[in-house]
Every structure is written in C-alpha cells, then in structure tokens.
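Colleague: I am new to this structure and would be grateful for a guided discussion. May I put my questions to you in turn?

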Amino acid sequence: MSKYLLILVTLPILWQNVEAIMCHRCFSAMGGCGDQIDWRMFPWKDCGDSNYCIKVIEKDGNENKIIRECENELMKSARHRLRMPVLRRHGYCLPARKNDFWNPMQTTNDNIMYCFCNDWNGCNSAPQLTSIIVAPFLLITSILTYVIMKCQ
C-alpha cells in the first residue's frame, strides 16, 4: 500500500503548468509588417514570461506606424512603459496614457492605441505542455496501478 501512496504523492509534483507566448515582433518600417502582416517574413518569436502580445498603432498624419512586440520587451522602454494603458486584457484596444504635466485633465492620447491579445500563437499562448507530457504518464500509471491491485 505504501507504493501507491508514494505514487499519489509524487504525481502532483510532476504536474507543472507550462505556457509559452509567441508573438510577431516587427515594426511597420519593415516590409510586410503593416496592417496586414506577412507571417512568412516575421515568424513568431518566443516571449518568455510575457503575458500579452501587443500591437501599437500610432497615427502620424495620414500614416499609421505599427509596432508588434511582446509586452515584456515594450515595458523595457520608458516611452512605452509610461504610455501603456494600465488595464490589459485580451481583445482590448485602448488609447495611450498621456502623462502631460501641463495638462493633467487630458489623460489619454487618441493618436496612439495599444491592442492586447494572448489567446493563440501569433497573438497568443501556446498549447499547454502538461496535457501533452503528463496525461499519457498518468494514464499508464493508472492502468498499472489497476492491474497490480487486481493481481493481489
């Protein structure tokens, strides 16, 4: 019986939730990274511990400048860190914060939009590895435990 208790104790240790976010990382001055992205030119890049893929749309006259990047990379830049909206949720496109000392009543800059997503690769989270690795192990362990219990 102590064998089975050992198995039941070690299984939760093996169960780890692994997620990886992969985003397109480019800016509109690079060909193929405009409103429509050419995914063959800009494959997904691993974002490590980032929670969101972000698309920044900056209106400059009649032209839109677009930046596609991981959240953690944009947060390294003081420019984006100060402008990025505090509310970050999948599917939200929000205007940038305006930190204007001389005009404190105007809180947003409608010329710059930050769009957040995290539901699929390219704007997204990768499949959870636990279901791929641990599920077959749990199935085999359960079958072996059942067979051993039946034989005794």
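Colleague: Which residue in strand 5 is the bridge partner of isoleucine 57?

Modeller: The model is a predicted one. In it, strand 4 and strand 5 pair in the antiparallel sense over eight bridges. Strand 4 covers 53-60, and strand 5 covers residues 63-70. Within strand 5, the bridge partner of isoleucine 57 is isoleucine 66.

Colleague: Which residue takes a positive phi in the hairpin of strand 4 and strand 5?

Modeller: This hairpin has two residues between the strands. A positive phi near 70° is taken there by glycine 61.

Colleague: What is the order of the strands in the open sheet?

Modeller: Strand 5 also runs antiparallel to strand 2, to which two bridges join it. With five strands in antiparallel pairing, the order is 2-5-4-7-6.

Colleague: What pattern does the protein chain follow along the sequence?

Modeller: The secondary structure comes to four helices and seven strands. Read along the sequence, these elements follow the pattern α-β-β-β-β-β-α-α-β-β-α.

Colleague: Which residues does methionine 84 touch, not counting residues up to four places away in sequence?

Modeller: Methionine 84 belongs to the largest nonpolar core. Leaving out residues up to four places away in sequence, methionine 84 touches Ile54, Leu74, Met75, Arg97, Tyr114 and Phe116.

Colleague: How many residues apart in sequence are the parts that arginine 25 and glutamate 73 tie together?

Modeller: The side chains of arginine 25 and glutamate 73 meet in a salt bridge, at 3.7 Å from N to O. Arginine 25 lies in the loop between strand 1 (22-23) and strand 2 (26-27), and glutamate 73 lies in helix 2 (residues 71-74), so the parts tied together are apart in sequence by 48 residues.

Colleague: Is lysine 76 buried or exposed?

Modeller: Lysine 76 forms a salt bridge with glutamate 73, the closest N and O atoms being 3.1 Å apart. Glutamate 73 counts as partly exposed at 29% relative accessibility, and arginine 25 likewise counts as partly exposed, at 27%. For lysine 76 the relative accessible area is 62%; since exposed means over 50%, lysine 76 is exposed.

Colleague: Which residues do salt bridges that share partners join into one network?

Modeller: A search of the whole structure finds six salt bridges. Through shared partners, salt bridges make one network of Arg25, Glu69, Glu73 and Lys76.

Colleague: What accessible area do the residues of the nonpolar patch on the surface have together?

Modeller: The patch is formed by Ile140, Leu144 and Ile148. One of these, leucine 144, lies in helix 4 (residues 129-151). Together, the three residues have an accessible area of about 280 Å².

Colleague: What share of the residues in the protein chain is buried?

Modeller: The accessible surface of the protein chain comes to about 10,500 Å², and 61% of this surface belongs to carbon and sulfur atoms. A residue counts as buried under 20% relative accessible area. Of the 152 residues in the protein chain, the buried share is 26%.

Note on methods
Residues are numbered from 1 along each chain as its sequence is written. This is a predicted model: local features need pLDDT of at least 70, side-chain atom pairs count only at pLDDT 80 or more; totals for chains, interfaces and linings use all residues. Side-chain values use heavy atoms; hydrogens and water are left out. A nonpolar core is a set of buried Ala, Val, Leu, Ile, Met, Phe, Trp, Tyr and Cys residues joined through side-chain atoms within 4.5 Å. Buried means under 20% relative accessible area, exposed over 50%, partly exposed in between (1.4 Å probe, protein chains only). Contact means heavy atoms within 4.5 Å. A salt bridge is a side-chain nitrogen of Lys or Arg within 4 Å of a carboxyl oxygen of Asp or Glu. Patches are made of residues with over 30% relative accessible area and no salt bridge: like charges are joined within 9 Å, nonpolar side chains (Val, Leu, Ile, Met, Phe, Trp, Tyr) within 5 Å. Accessible areas come from the Shrake-Rupley method with a 1.4 Å probe; for residues, only the protein chains shown count as cover. Two strands pair if DSSP finds at least two bridges between them.
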